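This report goes through a structure from single residue pairs up to whole chains. Where does each pair sit, and what surrounds it?

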Amino acid sequence: MKILVAVKRVVDANVKIRVKADNSGVELTNAKMAINPFCEIAVEEAIRIKEKGQADEVIVVSIGDKACQEQIRTSLALGADRGIHVEAEDGVQPLAVAKILKALIDKEGIGLVLLGKQSIDSDNNQVAQMLAALGNMPQGTFACAVELTDGKVKVTREIDGGEQTVLLSLPAVISSDLRLNEPRYASLPNIMKAKKKPIDTVTPADLGVNTASGLKIIAVEPPPARSAGVKVADVDELISKLKTEAKVI
Amino acid sequence: MIRDTETLTQLIDMVERFVRERLMPAEQDVAEHYRIPEDIVQEMKALGLFGMTIPEAYGGLGLSMEEEIHVAMTLGRTSPAFRSILGTNNGIGSAAIVFDGTEEQKQRFLPKYASGEWVGCFCLTEPDVGSDAGALKATARRDGDHYVLNGTKRFITNGPVADTFNVMARTNPDIKGARGISAFIVEKGTPGITLGPVDRKMGQAGSLTCDVIFEDCRVPAANLIGREGEGFITAMKVLDRGRLHIAGVSVGVSERLIDDALAFAMSRKQFGVAIAEHQLIQAMLADSKTESYAARCMVLETARQRDEGKNVSTESAACKLFATEMVGRVADRAVQIHGGAGYMSEYAVERFYRDVRLFRLYEGTSQIQQLIIARNMIRDAS
């Protein structure tokens with residue numbers, strides 16, 4: 001069985017981000033970039049499945065400009081077998097991403113797709129769901145446990161108020177939540193060896209996908225700064241303010 | 001000479017992340033318990049950190065000097081004790097074999113250093129012999145197909161946990177100076193080796209040092225590194241590389257100290273504003289940044305020249321001198337910026353202030369670096 005994992009290049013989670021002066025987006029000049037943390041968890045899970053002997057190959061795909069090959073290389077260093085770089089302008093929207101992945105599933109004969117539940121830059125949380133719909137495949141989103149048994153996959157999902165376990169037939173789409181696993185560090189020798197693993201480059205057009213977006217970002221603004229709190233004299237005043245001002249009770 | 005920028009970036013990113021997520025949170029624990037937790041040592045081995053400079057043919061990564069310096073600067077951002085445990089395998093503990101060992105010695109020792117299965121150490125300093133290393137007193141007397149070693153070696157980093165000892169001893173008692181010295185590799189468990197108690201030090205808690213005493217210790221002649229009488233030359237080659245490495249670590253520590261001092265200055269309020277707004281604090285921050293940056297540029301430039309095959313003996317000594325003195329000043333300012341808090345063990349700057357003091361002393365004191373630089377200048381001009 002082949003596993004396909006998609007990884008997105010995003011601003012490193014440890015970087016303090018700033019909005020561009022003209023509000024057209026986030027300032028990316030000199031910003032350190034990394035694999036989206038949820039995608040990294042998906043890569044780790046795929047590698048663990050392969051290490052258990054339940055998969056033959058882990059293929060990592062990233063969509064974006066040439067720079068996103070860095071994130072493919074990082075995934076290869078972690079243990080993925082080969083990479084596919086879909087060369088496109090940055091900012092491909094979720095539906096187009098889902099269509100690209102659908103085309104790759106058909107082309108490669110993928111048995112299981114592992115994705116991050118959302119990316120920490122745009123926070124859309126849409127690709128897994130759209131991909132499942134496009135491919136008419138079962139989906140297990142927000143996974144915190146994944147277990148392959150007898151040609152099916154058991155996915156424990158984090159949902160409001162608890163956990164839900166679903167049994168999916170393959171091929172299936174799974175999106176990872178934060179607690180699915182703790183990704184390993186790539187060892188230095190594996191980072192060196194990853195250089196020799198293959199990365200193929202294709203374009204959305206090769207896959208028959210049009211990435212033109214109907215969506216236009218008008219402005220990106222930072223959240224308002226937190227204003228100072230007030231001291232209350234007693235519990236009565238606190239309750240009164242919670243009712244009348246904060247309107248939370 | 002960075003062979004592949006992308007791969008190096010990945011490597012540095014990984015080390016940086018490991019430092020941030022695993023090592024920095026453990027700093028206080030290491031300082032309090034004088035030891036690095038075993039699980040962290042095992043992780044470092046699994047990540048390949050013990051074999052960075054060992055050639056690829058022997059299971060290491062074969063990093064160039066410039067690449068090594070990038071890693072050293074990254075590791076410098078946390079307690080020097082962490083770097084110390086893997087420092088000997090990547091440097092003074094293995095370098096003699098890398099430079100001058102026989103093929104058989106390389107095959108036998110280097111893969112074990114690279115994996116971290118064995119820890120190596122470097123035994124040059126003695127109770128009466130420090131800067132004047134050529135005057136060392138330990139002896140190695142030939143006896144059939146063995147050498148018999150006698151002498152005491154002092155302040156041996158990783159001595160308490162070493163599996164091999166790279167020992168400099170005098171094979172020719174008739175020659176008092178450097179030419180009578182030879183280098184040996186001695187395995188742990190060889191009869192006649194005694195370890196002294198672990199040294200108590202001003203700083204770098206968790207970095208283990210001790211006396212190593214050799215008494216009629218019989219070492220196979222096959223364990224001689226290079227030729228008889230060439231041990232001092234080997235040792236100097238080892239230290240030449242080590243100096244640049246220590247300079248790189250000093251740059252890393254200075255950057256950490258600046259980060260800590262800046263974060264403190266931006267959050268601590270006095271006279272109604274963050275102290276970072278006060279110009280006298282700004283002057284200290286700016287001086288530290290400038291000096292640290294200058295050292296970074298020096299060290300990287302020298303590393304590049306070394307990778308190009310140039311003799312950088314003078315430049316390496318200059319880097320060691322400047323970078324280690326620089327980090328001393330930066331640590332002092334970091335404590336000053338913290339005010340009274342900087343004197344408290346709760347803040348990392350107090351610990352680093354003590355840790356960095358060693359950089360000006362080992363692998364040649366600042367004064368020895370001055371001598372090397374000046375003597376080279378005079379030699380080149382005459």
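In this predicted model, Asp121(A) counts as partly exposed, at 44% relative accessibility. The residue forms a salt bridge with Lys8(A), and the closest N and O atoms are 3.2 Å apart. Asp121(A) is placed in the loop between β6 (112-116) and α4 (127-135) of chain A, and Lys8(A) in the loop between β1 (2-6) and β2 (9-11) of chain A, so the pair ties together parts that are 113 residues apart in sequence. Lys8(A) counts as partly exposed as well, with 31% relative accessibility.

**Salt bridges**

Over all chains, a search of the whole structure finds 45 salt bridges. Between chain A and chain B the count is three.

| Pair | N to O separation |
|---|---|
| Asp121(A) and Lys8(A) | 3.2 Å |
| Glu6(B) and Arg73(A) | 3.6 Å |
| Arg20(B) and Glu16(B) | 3.9 Å |
| Glu68(B) and Arg241(B) | 2.1 Å |

Glu68(B) lies in helix α4 (residues 65-75) of chain B and Arg241(B) in helix α8 of chain B, so this pair ties together parts that are 173 residues apart in sequence. Glu68(B) counts as buried, at 5% relative accessibility, and Arg241(B) is buried too, with a relative accessible area of 14%.

Arg20(B) and Glu16(B) are both in helix α1 of chain B, four residues apart, which is about one turn of the helix. Arg20(B) is partly exposed, with a relative accessible area of 28%; for Glu16(B), also partly exposed, the value is 27%.

In chain A, a network of salt bridges links Lys2(A), Glu57(A), Arg82(A) and Glu108(A).

**The contact between the chains**

Chain A contributes 16 residues to the contact and chain B contributes 23 residues. Together the two chains bury about 1700 Å², with 60% of that area on carbon and sulfur atoms. On the side of chain A, the residues that lose the most area to chain B are Tyr185(A), Leu188(A) and Met192(A), together 45% of what that side buries.

Six residue pairs are in polar contact between chain A and chain B, with both residues at pLDDT 80 or more. Helices α2 (69-78) and α5 (188-194) of chain A each supply at least two residues of the side that touches chain B. The largest share, five residues, comes from α2(A). By class, the side of chain A that touches chain B has seven nonpolar, four polar and five charged residues.

Which residues of chain A does Gln10(B) contact? Leaving aside neighbours within four places in sequence, Gln10(B) is in contact with Glu70(A), Arg73(A), Thr74(A), Ala77(A) and Ile191(A). The side chain of Gln10(B) reaches the backbone oxygen of Glu70(A) at 2.8 Å. Gln10(B) belongs to helix α1 (residues 5-23) of chain B. With a relative accessible area of 11%, Gln10(B) falls under the 20% cut-off, so the residue counts as buried.

**Inside chain B**

Thr190(B) is found in the loop between β5 (181-187) and β6 (193-195) of chain B. The residue is buried, with a relative accessible area of 18%. Its side chain reaches the backbone oxygen of Glu187(B) at 2.5 Å. Not counting residues up to four places away in sequence, Thr190(B) touches Cys217(B) and Arg218(B).

Helix α11 (residues 348-355) of chain B is mostly covered, with six of its eight residues buried. These are Ala348(B), Val349(B), Glu350(B), Arg351(B), Phe352(B) and Asp355(B). Their cover includes α2 (27-33), α5 (80-90), α8 (231-267) and α10 (313-338) of chain B.

**The chains as a whole**

Chain B has 12 helices and 10 strands. Its radius of gyration is 21 Å, close to the 21 Å that the globule rule gives for 382 residues, so chain B is as compact as a globular protein of that length. The C-alpha trace of chain B spans about 80 × 55 × 45 Å along its principal axes. Of its 382 residues, 55% count as buried. Among contacts in chain B between residues at least 6 apart in sequence, 75% join residues at least 24 apart.

Chain A comprises six helices and 11 strands. Its C-alpha trace spans about 65 × 45 × 40 Å along the principal axes. Of the 249 residues of chain A, 44% count as buried. For contacts in chain A between residues at least 6 apart in sequence, 70% join residues at least 24 apart.

Note on methods:
Residues are numbered from 1 along each chain as its sequence is written. Chains are lettered from A and ligands numbered from 1 in the order in which they are written. Side-chain values use heavy atoms; hydrogens and water are left out. Contact means heavy atoms within 4.5 Å. Buried area is the accessible area (1.4 Å probe) that two parts lose on being put together, summed over both. A salt bridge is a side-chain nitrogen of Lys or Arg within 4 Å of a carboxyl oxygen of Asp or Glu. A polar contact is a pair of N or O atoms within 3.5 Å; within protein, one must be able to donate a hydrogen and the other to accept it, and residues adjacent in sequence count only if both atoms are side-chain atoms. Ala, Val, Leu, Ile, Met, Phe, Trp, Tyr, Cys and Pro count as nonpolar, Asp, Glu, Lys and Arg as charged, and the others, Gly among them, as polar. Buried means under 20% relative accessible area, exposed over 50%, partly exposed in between (1.4 Å probe, protein chains only). The radius of gyration is taken over C-alpha atoms; the globule rule is 2.2 Å times the number of residues to the power 0.38.
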